[in-house]
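Work through the exercises below with the sequence and the model in view. Each task is followed by a solution in steps.

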Amino acid sequence: MEAAGLLCLAAAALLAWGFLRVWDSRERTKSQEQAGVLGDGSRTLLVIAHPDDEAMFFAPTVLGLARLGHRLSLLCFSAGNFYNQGEIRKKELLQSCDVLGIPPSSIMIIDNRDFPDDPSVQWDTERVASILLQHIEMNSINLVVTFDEGGVSGHSNHIALYAAMRTLHSEGRLPKGCSVLTLQSVNVLRKYISLLDLPFTLLRRQDVLFVLTSKEVAQAKRAMSCHHSQLLWFRRLYVLFSRYMRINSLYFL
């Protein structure tokens, strides 16, 4: 029975590998199709809560948008100072973004008492929305990417970003032509089966789907490895098994 289970697992892994090889060869064509949806050359803002969010959750989106010719910038709402490592984590974020292709001049890190790295603290929605809107207008952003209502990991700081973007969108306060994409949260099982989740993903609706090529997966892992202070044993397992290091499905608000 155990041998049969291992055989099934090996067959599933082989199937996923074969699918990825086919996906690699089709990626250029797929990029052209998604360029029509996303707008080639858009000014895109990635909004995250903590240093490492960009690599841990959004690497497929960052690399996929770069593939489409988007000009990417990043707004991080905290220095990740929950364990008094804020200064270290800010440097790690800059290193990770360098690997992902986001220049230092396009990165802003907010580090103040209004937005502590703390899952027990609820960030003020209107305060977050005000800063977001100011940053969007000042940089002529026409696409914002952030978390959905589940925040992927359920972290309250992630969810606060979605709440603020949702408020700006629903109240019609965003500049004309500015769209918002949110990263789909999935259940724990799907979250940790890596590329084996791809068939399930394809059966479900999403507005935008990014799947990394083999080369890009290695790039995403290099970006995550820049966050040395965060690479505890369970995060190393996350890098190996999480779909978010390989697949991002997103929805427009």
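**Exercise 1. Describe the contacts and the overall make-up of the protein chain.**

Step 1. Take the contacts between residues at least 6 apart in sequence: 84% of them join residues at least 24 apart. A contact means heavy atoms within 4.5 Å.

Step 2. Note the source. The model is predicted, so local features need pLDDT of at least 70 and side-chain atom pairs count only at pLDDT 80 or more, while totals for chains, interfaces and linings use all residues. Residues are numbered from 1 along each chain as its sequence is written, and side-chain values use heavy atoms, with hydrogens and water left out.

Step 3. List the secondary structure: the protein chain has 10 helices and 7 strands. These are DSSP runs numbered from the N terminus, with helices (H or I) of at least four residues and strands (E) of at least two.

Step 4. Turn to burial. Of the 253 residues in the protein chain, 51% are buried. Buried means under 20% relative accessible area, exposed over 50%, and partly exposed in between (1.4 Å probe, protein chains only).

**Exercise 2. Find the aromatic pairs and say where their rings lie.**

Step 1. A pair of aromatic rings is described by the distance of the centres and the angle of the planes. Rings of Phe, Tyr and Trp (its six-membered ring) pair if their centres lie within 6.5 Å; planes under 30 degrees apart count as stacked, over 60 as edge-to-face and the rest as tilted.

Step 2. The structure holds 10 such pairs. One of them joins Phe57 and Phe147 edge-to-face, at 5.8 Å centre to centre and 75° between the planes. Phe57 sits in the loop between α2 (53-56) and α3 (59-67), and Phe147 in strand β4 (residues 143-147), 90 residues apart. Both Phe57 and Phe147 are buried.

Step 3. Phe77 and Trp123 form a tilted pair, with 6.2 Å between centres and 35° between planes. Phe77 is in the loop between β2 (71-76) and α4 (86-100) and Trp123 in the loop between β3 (107-109) and α5 (125-138), so the pair ties together parts 46 residues apart in sequence. Phe77 and Trp123 are buried too.

Step 4. Ring pairs also link Phe57, Phe58, Phe147, Tyr192, Tyr238 and Tyr244 into a cluster.

**Exercise 3. Which residues have a positive phi although they are not glycine, and are they buried or exposed?**

Step 1. Asp52 has a positive phi of about 105° and lies in the loop between β1 (43-48) and α2. Asp52 counts as buried because its relative accessibility is 4%.

Step 2. Asn84 has a positive phi of about 60° and lies in the loop between β2 and α4. Asn84 is exposed, with a relative accessible area of 69%.
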